Amino acid sequence: MLDIEMPIMNGIECMKKIREYCNEKKIVCPPIISVTANDIHKHNKYKEMGFDYVMEKPIKEEELDRVLGIIRRKPMINVVVEQ
């Protein structure tokens, strides 16, 4: 989970570095969830940037359970995601 508005390095920059690292090392990237208090209309923008899921602040327990349930059901296979 990465907050879009993190200090020093924002969530978008951090997500890109994680994706680059996984591609360089030819390993499967973990699912990356953005956490934001921004307008709900920006959610598609974050997914287009490379986030797997977008959650709004404040995070609701039910939504977190739903997203984590989806992630747990997805198999982690050794495939490099092309950007």
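An open sheet of 3 strands runs in the order β1-β2-β3 with parallel pairing; strands (E, at least two residues) and helices (H or I, at least four) are DSSP runs numbered from the N terminus, and two strands pair if DSSP finds at least two bridges between them. The edge strands, β1 and β3, each pair on one side only. This is a predicted model, in which local features need pLDDT of at least 70 and side-chain atom pairs pLDDT 80 or more, while totals for chains, interfaces and linings use all residues. Residues are numbered from 1 along each chain as its sequence is written, and side-chain values use heavy atoms, without hydrogens and water.

| Element | Residues |
|---|---|
| β1 | 2-3 |
| β2 | 33-36 |
| β3 | 53-56 |
| α2 | 43-49 |

β1 and β2 pair in the parallel sense over 2 bridges, and D3 stands opposite V35 in β2.

Within α1, the residues G11, I12, C14, M15, R19 and C22 are buried, meaning under 20% relative accessible area with a 1.4 Å probe, protein chains only. They lie on the same side of α1 because they cover an arc of only 165° around the axis, taken from the directions from the helix axis to the C-beta atoms. The buried residues of α1 pack against β1 and α2, where contact means heavy atoms within 4.5 Å.

Notes:
Buried < 20%, exposed > 50% of the residue type's maximum accessible area, 1.4 Å probe, protein only.
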